[in-house]
Amino acid sequence: AVVSTQSTGGRIHQIEYAMEAVKQGAATLGIKGKNHSVLVALKRASSDLSSHQKKIIPIDDHAGISIAGLTSDARILSRFMRTECLNHRYIYGSPLSVARLVASVGDKAQTGTQVMGRRPYGVGLLVAGVDEAGPHVYYICPSSNFYECKCMAIGARSQSARTYLERHKDEFKDVEDLGELIAHALRALRDCLPNDTELTTKNVSVGYVGRDVEFTMKDDEDVEEYLKMIEGDDKIGGSGSADPEQGAEDTMETQ
């Protein structure tokens, strides 16, 4: 079947459907400071009997990603990114620059928007990395476009997080302390939750990388020290008692 046919209005509907999958995934966001890049993500469990799905994936010592959308598509892209980094290290003996890594993913994703019989990847990626130019945060869209950002939030209810980030975006570039940067990220992420839900060690993941720090993931009890930093802070966003899109997300296996 041809899935990449343009409409008379110049739009490719399959790309728009893939972008909807990103909007239904659990929220994740990235921030870059003076020396570090940070990723935080909400984790979901498909049922009370299952574990929470991992949302942050290490790529190399200097880079990692967080995902919103179809996890199966994310696994394919993360494996491709790891292979690209491995090949570059083998040939040149140095880490692949974050900009070239992101561009290679964009090129791979573009074929799904053009070639007959394929579909776009239904996942959005936030890439955090550090290279000679400093820390970076990139957003890779299912349309195969990619953007370097000061900070970015994607996924369900992410508008509340973007509101927080827009309010504080000029502060991040001067933040040298990693803990302070993670606290900002967690405050923004907390605004994506309904009013009757809080961040816990079970539903949040943290990943960070710096000029002198390899990419590191924190889950479960390791996150508790960062959650204590924002205890007592007022919650700005969030509304309602339940996520109206939760049923759709479980059906589509988006995370």
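A contact here means heavy atoms within 4.5 Å. The model is predicted. The chain averages a pLDDT of 88, and 91% of the residues score at least 70.

Helix α3 covers residues 98–111. At 1.5 Å a residue, its 14 residues should span 20 Å. The end C-alpha atoms are 21 Å apart, which agrees. Buried residues of α3 include V98, L101, V102 and V105. S104, G106 and A109 are also buried in α3. The buried residues of α3 pack against strands β3 (56–60), β4 (63–69) and β5 (123–131). They also pack against α2, β6 and β7.

Helix α2 spans residues 71–92 and contains I91. I91 is exposed, because its relative accessible area of 59% is over the 50% cut-off. Together with Y90 and Y92, I91 makes a nonpolar surface patch of about 460 Å².

The salt bridges number nine. Side chains of opposite charge can pair when their charged atoms come close. K23 and E20 meet at 3.4 Å, N to O. Both lie in helix α1 (residues 13–24), three residues apart, so about one helical turn separates them. E20 is partly exposed, at 39% relative accessibility.

A second salt bridge joins K43 and D220, with the closest N and O atoms 4.0 Å apart. This pair links distant parts of the chain, 177 residues apart. K43 sits in the loop between β2 (36–42) and β3, whereas D220 sits in the loop between β10 and α6. K43 is buried, with a relative accessible area of 10%. D220 is partly exposed, at 30%. K43, D219 and D220 are linked in a network of salt bridges.

D170 forms a salt bridge with K150, at a closest N–O distance of 3.8 Å. D170 lies in helix α4 (residues 158–172) and K150 in the loop between β7 and β8 (151–154), so the pair ties together parts 20 residues apart in sequence. D170 is partly exposed, with a relative accessible area of 47%. K150 is also partly exposed, at 48%.

S144 is found in the loop between β6 (134–140) and β7 (146–148). S144 is buried, because its relative accessible area of 12% falls under the 20% cut-off.

Terms used: Residues numbered from 1 in each chain as written. Predicted model: local features only at pLDDT ≥ 70, side-chain atom pairs only at ≥ 80, totals over all residues. Heavy atoms only, no water. Patch = residues over 30% accessible without salt bridge, like charges linked within 9 Å, V, L, I, M, F, W, Y side chains within 5 Å. Areas by Shrake-Rupley, 256 points an atom, 1.4 Å probe, with all protein chains shown as cover. Salt bridge = Lys/Arg side-chain N within 4 Å of Asp/Glu carboxyl O. Helix = DSSP H or I, 4+ residues; strand = E, 2+ residues; numbered from the N terminus. Buried < 20%, exposed > 50% of the residue type's maximum accessible area, 1.4 Å probe, protein only. pLDDT = per-residue confidence, 0-100. Expected span 1.5 Å × (residues − 1).
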